[in-house]
Amino acid sequence: MPGSRRRYLAFFLLGVLVGAVAANVRLAQQLDWLHLTSERLRQQLDATACELAEVKEKVAQQHLQVVTAVEPIITFPPNSKPPVLEGQAISLALAKEVQRLMAPLVGQEVSKINLVLVPGLVDDRVVKINGRSFKLKVTLVLISERVVVHVQAQPQANLSP
């Protein structure tokens, strides 16, 4: 009996050792694959970074400024500010609507934009948000690569029930 226990123990230990070696070989293969993938991605990132630097240099040489974003800042008249949480929700919805209205500016060269017409994209529009109407009044527009537009949202009386 003691000899058969030793034999089973030897087979068990041999199985554990073979299993450990097989797992080690498998993990080594995965590690090699991950290392190669990491290097390939690093090369792609370096190539893309060089490409981006070249594009930025060319744009800088041409001195072109292109509108890349519209950033609305929504305010309410002091006498008609909504509650804080509702005001944040309304401001977010109004900002989204102002961005939609001013979307044609994105991608345009700043020097080619008719500055007189820009406020008219939003000024004096009535927008419905959550069943309430707001009249938008543009108070300030700053135009560069980011168009910053300050808009005052005046609540309107709802005429229909």
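1. A residue is called buried under 20% relative accessible area, exposed over 50%, and partly exposed in between. Arg 132 has a relative accessibility of 28% and therefore counts as partly exposed. The model discussed in this note is a predicted one, and the points below should be read with that in mind.

2. The side chain of Arg 132 meets that of Glu 86 in a salt bridge, with an N to O distance of 2.8 Å. This pair links distant parts of the chain, since Glu 86 belongs to helix α2 and Arg 132 to strand β3, 46 residues apart. Glu 86, at 32% relative accessibility, is likewise placed in the partly exposed class.

3. The count of salt bridges comes to six, and two further examples deserve a comment. Glu 39 and Arg 42 are joined through their side chains at 2.9 Å, N to O; both residues lie in helix α1 and are three residues apart, which is about one turn of the helix. Glu 39 is partly exposed because its relative accessibility is 31%, and Arg 42 is partly exposed with a relative accessible area of 43%.

4. In the salt bridge between Lys 112 and Glu 109, the closest N and O atoms are 3.8 Å apart, a value to be read against the cut-off of 4 Å. Lys 112 counts as exposed at 64% relative accessibility, whereas Glu 109 is partly exposed, its relative accessible area being 22%.

5. The geometry of helix α2, which runs over residues 84-101, can be checked against expectation: at 1.5 Å a residue its 18 residues should span 26 Å, and the C-alpha atoms at its ends are 25 Å apart, so the two values agree. The expected span is taken as 1.5 Å times one less than the number of residues.

6. Which residues of α2 are buried? They are Gly 87, Ile 90, Ser 91, Leu 94, Ala 95, Glu 97, Val 98 and Leu 101. Because these residues cover an arc of only 165 degrees around the axis, they are put on the same side of α2. On the face turned away from the buried side, α2 carries the exposed residues Leu 85, Gln 88, Leu 92, Lys 96 and Arg 100.

7. Ser 91, located in helix α2, is classed as buried because its relative accessibility is 19%, a value to be set beside the limit of 20%. With residues up to four places away in sequence not counted, Ser 91 touches Ile 74 and Phe 76.

8. The C-alpha atoms of Ser 133 and Ala 157 are separated by 7.3 Å, although the two residues are 24 residues apart along the chain.

9. Returning to helix α1, which comprises residues 2-62, one finds Leu 17 there, and its relative accessibility of 54% means that Leu 17 counts as exposed. Leu 17 is also one of the residues making a nonpolar surface patch of about 740 Å², together with Tyr 8, Phe 11, Leu 14, Val 18, Val 21 and Val 25.

Note on methods. Residues numbered from 1 in each chain as written. Predicted model: local features only at pLDDT ≥ 70, side-chain atom pairs only at ≥ 80, totals over all residues. Heavy atoms only, no water. Patch = residues over 30% accessible without salt bridge, like charges linked within 9 Å, V, L, I, M, F, W, Y side chains within 5 Å. Areas by Shrake-Rupley, 256 points an atom, 1.4 Å probe, with all protein chains shown as cover. Helix = DSSP H or I, 4+ residues; strand = E, 2+ residues; numbered from the N terminus. Buried < 20%, exposed > 50% of the residue type's maximum accessible area, 1.4 Å probe, protein only. Arc of directions from axis to C-beta. Contact = heavy atoms within 4.5 Å.
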